[in-house]
Amino acid sequence: MRVSKSAARAVVSVSAGNGAAAVRRGRPRSVPAKSPARGARAAKDAAAPVHSTERIVEAAVQLFATRGYASSTLEEVAAKAGFTKGAVYYYFKSKERLLLDVLSAIEQRSIDATIEAVRRDGGTPSAQLVNFVRHQTRWAARHPKDLAVVVLLSMETANTKSKVRTRMLGMYAKISGLLEEIIDAGKRSGEFCTDQETKDTALYLQAVHDGNMMIWYRSGTDPDIGRKLTRATFSGFLHAVKGVAE
């Protein structure tokens with residue numbers, strides 16, 4: 001059987017094409033490398049929501065500290081942070097959700113940071129109480145608006161059963177827990193007197209601490225008054241747990 005030249009050329013062409021396809025199938029596909037510019041943009045986009053929420057939270061702290069939570073609106077928070085009201089709703093969904101995030105930020109840099117520092121530094125129970133006062137004083141000096149928010153919310157949410165009130169009580173419970181832990185350690189070591197219930201002593205210490213903080217804030221955060229109140233707090237704490245003046 002004779003094969004025409006045109007048919008032969010067609011067979012060769014098909015075979016060559018199949019071979020090239022096979023080679024292409026066996027060869028791994030090259031993946032274009034990401035350019036540095038694209039990588040930088042991706043990192044910036046990933047960080048943008050975090051940066052945005054932080055700006056909104058800090059704007060809310062400033063506003064709630066001066067106006068109170070109930071008297072502040074999301075429009076005002078958005079304007080102070082440089083966002084639209086829609087952007088605030090996008091990140092937080094509601095005013096209450098924003099407030100809970102505000103409390104989380106305050107709790108982290110106030111209570112959690114103090115607990116971490118006291119446990120990390122250790123020392124005698126007396127030294128731990130002094131350290132507690134020192135770190136709380138530093139927090140208030142660096143973030144006086146945090147203190148104002150806590151004080152105002154304590155009054156605004158009193159006698160309510162809201163999520164915010166529950167969160168506030170949880171924050172106070174953390175402080176009480178730390179103070180009770182230190183007092184019990186002092187009793188076991190014989191450093192502190194044992195004639196009073198631990199919870200009662202912790203409640204008294206917290207009252208002294210909160211009262212002096214409020215007096216300082218009411219003074220306009222006067223540094224000199226702050227130093228005097230800090231010394232008074234040191235003395236009051238140690239007198240309460242030891243039963244003697246320090």
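A cavity is a set of points where a 1.4 Å probe fits but cannot get out, and its lining residues have an atom within 4 Å of a point. In this predicted model, the lining of the largest cavity is formed by I183, K187, F192, C193, Q196, T201 and V241. By class, these lining residues comprise 4 nonpolar, 2 polar and 1 charged. The volume of the largest cavity is about 40 Å³, and the count of cavities of 30 Å³ or more comes to 1.

The largest pocket has a volume of about 290 Å³. It is lined by 18 residues, and those closest to its centre are T137, W216, G226, R227 and T230. The lining of the largest pocket divides into 7 nonpolar, 8 polar and 3 charged residues.

The second largest pocket has a volume of about 240 Å³. Its lining consists of 19 residues, among which L147, V150, V151, Y172 and D210 lie nearest the centre. At least two lining residues are supplied by each of α5 (95-121), α6, α7 (144-156), α8 (163-189) and α9. The largest share, 5 residues, comes from α7. In the lining of the second largest pocket, 13 residues are nonpolar, 4 are polar and 2 are charged.

Methods. Residues numbered from 1 in each chain as written. Predicted model: local features only at pLDDT ≥ 70, side-chain atom pairs only at ≥ 80, totals over all residues. Heavy atoms only, no water. 1 Å grid on protein atoms, 1.4 Å probe; cavity = no way out; pocket = protein on both sides within 12 Å on 5 of 7 lines; lining within 4 Å. Points joined across faces, edges and corners; volume = space filled by probe spheres on them. Nonpolar A, V, L, I, M, F, W, Y, C, P; charged D, E, K, R; others polar. Helix = DSSP H or I, 4+ residues; strand = E, 2+ residues; numbered from the N terminus.
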